Amino acid sequence: MQGHDDLEPTVHIRELKKDKVNFVLKNVDLAFANSLRRVMMADIPTVAIDMVEIEINTTVLPDEFIAHRLGMVPLASSNCDEAIRNTRDCTCLAGCDSCSIMLVLNVACHDHHTMDVTSHHLDVVPPGTPGTWGDGEEQEHDAGEELSKRGERFGHPVGKDEPGTPPVLLCKIRKGQELKLRCVAKKGIAKEHAKWSPCSAVSFEYDPYNKLRHTTHWFESDERGEWPLSENAKEEEPPRDDEPFDFNAQPSQFYFEVETDGSLGPQEVVMKGLAELQTKLANLILGLKTQPELDILTGGEQQPNGNNADGWGAGGGGGGGWGAASGNGGGWGGSASPTRGGAATSAWGATSPHSSGGATSTWGGGANAGWGSPEQQSNGWNV
Amino acid sequence: MADSIPKIKIMKGAEADLSAATFQIHDESHTIGNALRWMLMKNPKVEFCGYSAPHPSENVIQVRIQMYDNLSSLSALITALSDLETLCGTIEDSYMTSFNNDDYEKWIEES
């Protein structure tokens with residue numbers, strides 16, 4: 001629980017199963033560990049059914065109900081980056097083999113038993129089948145190299161042709177009822193719709209003993225008796241009864257369990273997650289390096305109010321919104337010392353041996369309360 | 001999209017020498033924002049750094065950076081970004097080391 005500035009980040013895998021991986025990530029920031037969690041849940045592309053054309057539906061469920069259930073069916077999406085294009089980047093007019101996968105379902109019940117319509121009834125139309133995408137127009141587009149990058153099972157419902165894997169139930173039909181439809185599966189990410197998430201659950205834990213007091217345990221009479229410890233507590237030292245609260249401590253061990261829905265393997269999810277984070281950062285660096293002249297010019301020209309510059313630059317109590325939000329603006333700004341080390345030592349030196357650690361935790365806490373609040377995160381697109 | 005909306009821009013009100021500036025990053029969220037803020041805070045030359053997602057339905061975040069000694073916040077930002085990228089690479093390597101060498105509970109494929 002001490003500062004971890006000088007330690008190398010490490011990963012230790014504890015368990016790797018067909019559909020889940022359990023690992024411990026050490027010596028990184030909470031912010032970074034959370035970024036990894038978010039990226040694995042919401043930013044990894046997969047394929048999922050996105051459009052459904054219903055020809056016959058005499059079942060008890062309405063069309064949109066069935067369309068929604070079809071969307072949730074996990075489809076094998078290995079190597080999604082290369083194996084399929086985004087429809088919006090494709091040259092085709094309304095779907096082609098490079099950016100879409102056609103699946104058909106045609107089931108009717110002819111006997112006196114209730115019959116299950118499941119994801120195993122979904123059949124992929126093999127790419128290149130004439131007439132899949134309309135009037136034979138698809139022949140004009142070159143098939144692209146995407147098709148060659150696809151695995152044999154790409155786009156097939158997860159678990160189909162795997163004996164022992166229970167299928168996803170879509171609907172139940174009885175004698176005389178029929179369901180006939182065509183689906184188009186497309187690539188997407190879970191930020192747009194959760195059906196594109198490769199993860200069914202990502203568990204993320206740190207500080208199993210709540211030494212950092214990032215949460216408060218409500219209890220009737222006995223906190224320890226009423227709050228059983230998680231498995232991960234075995235990895236950490238239990239707190240002594242007389243241990244004082246170290247308010248400078250930072251979390252440094254993060255327990256992940258990434259569980260996938262089968263569209264991607266757990267190994268692929270972690271690797272793609274890290275790669276996706278790197279891509280985001282690389283794009284930002286690229287954005288900064290390709291337009292810096294332009295930005296600096298506009299930044300320099302537009303200096304609307306001198307107050308602004310005064311307030312920020314001097315870092316005085318007039319720091320307004322930012323200073324107030326952090327709650328520490330006064331203390332920091334007041335000491336107009338050129339280096340942060342000096343200020344940190346005077347303010348927090350008593351308890352924190354290294355100034356940067358103390359400073360980081362102070363600001364971090366303030367900023368989290370202001371901007372990284374749970375309400376904001378649970379709103380809107382950036383879940 | 002890259003033609004019309006820049007990925008990142010400096011908002012008005014920045015210091016002429018960029019020692020204090022607010023950067024608006026398009027199409028990013030807390031995923032990058034919080035990690036980037038942390039990495040910037042590690043830099044002892046950074047006086048202040050904070051980020052916000054101004055509105056949930058606006059697809060942008062804003063990162064405010066103020067530097068000591070009139071240093072450039074732009075170069076601090078670039079350094080922080082490349083440090084984060086290195087961190088990703090380090091963790092990927094560490095994961096692969098654990099994947100190849102560690103003794104963990106594995107899944108054995110039937111048949």
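Where is the place of Glu220(A) in chain A? Glu220(A) sits in the loop between β9 and α4 of chain A. The legends below describe close-up views of a predicted model.

**View 1. A negative surface patch that includes Glu220(A).** Four residues form the patch: Glu220(A), Asp222(A), Glu223(A) and Glu226(A). Glu220(A), in the loop between β9 and α4, has a relative accessible area of 64%. Glu220(A) therefore counts as exposed, the cut-off being over 50%.

**View 2. A nonpolar surface patch made by Trp218(A), Phe219(A) and Trp227(A).** The area of this patch is about 370 Å². Phe219(A) is placed in the loop between β9 and α4 of chain A. The relative accessibility of Phe219(A) is 35%, so the residue counts as partly exposed.

**View 3. The salt bridge between Arg224(A) and Asp241(A).** The side chains of the two residues meet with an N to O distance of 3.1 Å. Arg224(A) belongs to helix α4 (residues 223–226) of chain A, whereas Asp241(A) lies in the loop between α4 and β10 (253–260); the two are 17 residues apart. Both Arg224(A) and Asp241(A) are exposed.

**View 4. A salt-bridge network that includes Asp43(A).** Shared partners join Asp43(A), Lys191(A), Lys280(A), Lys7(B) and Glu28(B) into one network of salt bridges. Over all chains, the structure holds 18 salt bridges.

**View 5. Asp43(A) and Lys191(A) in a salt bridge.** The N to O distance between these side chains is 3.8 Å. With a relative accessible area of 4%, Asp43(A) is buried.

**View 6. Asp43(A) and Lys280(A) in a salt bridge.** The closest N and O atoms of this pair are 3.8 Å apart. Lys280(A) and Asp43(A) are both buried.

**View 7. Strand β8(A) and its pairing with β3(A) and β4(A).** Of the eleven residues of β8(A), eight are buried, and the strand is mostly covered. β3(A) and β8(A) run antiparallel and are joined by ten bridges. Within β8(A), Leu181(A) stands opposite Ile54(A). Strand β4 (residues 100–108) of chain A also pairs with β8(A) in the antiparallel sense, over nine bridges. Cys183(A) in β8(A) is the bridge partner of Leu103(A).

**View 8. Asn79(A), a residue with a positive phi.** Most residues other than glycine have a negative phi. Asn79(A) is not a glycine, yet its phi is near 60 degrees. This residue is found in the loop between α2 (63–71) and α3 (80–83) of chain A. Asn79(A) has a relative accessible area of 24% and is partly exposed.

**View 9. Asp207(A), a residue with a positive phi.** The phi of Asp207(A) is about 55 degrees, although the residue is not a glycine. Asp207(A) lies in the loop between β9 and α4 of chain A. Its relative accessible area of 6% is under the 20% limit, so Asp207(A) counts as buried.

**View 10. Ser119(A) in the loop between β5 (115–118) and β6 (123–124) of chain A.** Ser119(A) is buried, with a relative accessible area of 1%. From Ser119(A) to Lys191(A), the C-alpha to C-alpha distance is 24 Å, and the two are 72 residues apart in sequence.

**View 11. Ala16(B) in the loop between β1 (8–10) and β2 (20–26) of chain B.** The relative accessibility of Ala16(B) is 56%, so this residue counts as exposed. The C-alpha atoms of Ala16(B) and Ser72(B) are separated by 10.0 Å, while the residues are 56 apart along the chain.

How values were computed
Residues are numbered from 1 along each chain as its sequence is written. Chains are lettered from A and ligands numbered from 1 in the order in which they are written. This is a predicted model: local features need pLDDT of at least 70, side-chain atom pairs count only at pLDDT 80 or more; totals for chains, interfaces and linings use all residues. Side-chain values use heavy atoms; hydrogens and water are left out. Buried means under 20% relative accessible area, exposed over 50%, partly exposed in between (1.4 Å probe, protein chains only). Helices (H or I, at least four residues) and strands (E, at least two) are DSSP runs, numbered from the N terminus. Patches are made of residues with over 30% relative accessible area and no salt bridge: like charges are joined within 9 Å, nonpolar side chains (Val, Leu, Ile, Met, Phe, Trp, Tyr) within 5 Å. Accessible areas come from the Shrake-Rupley method with a 1.4 Å probe; for residues, only the protein chains shown count as cover. Lys and Arg count as positive and Asp and Glu as negative; His and the chain ends are not counted. The place of a charge is taken as NZ of Lys, CZ of Arg, CG of Asp or CD of Glu. Two strands pair if DSSP finds at least two bridges between them.
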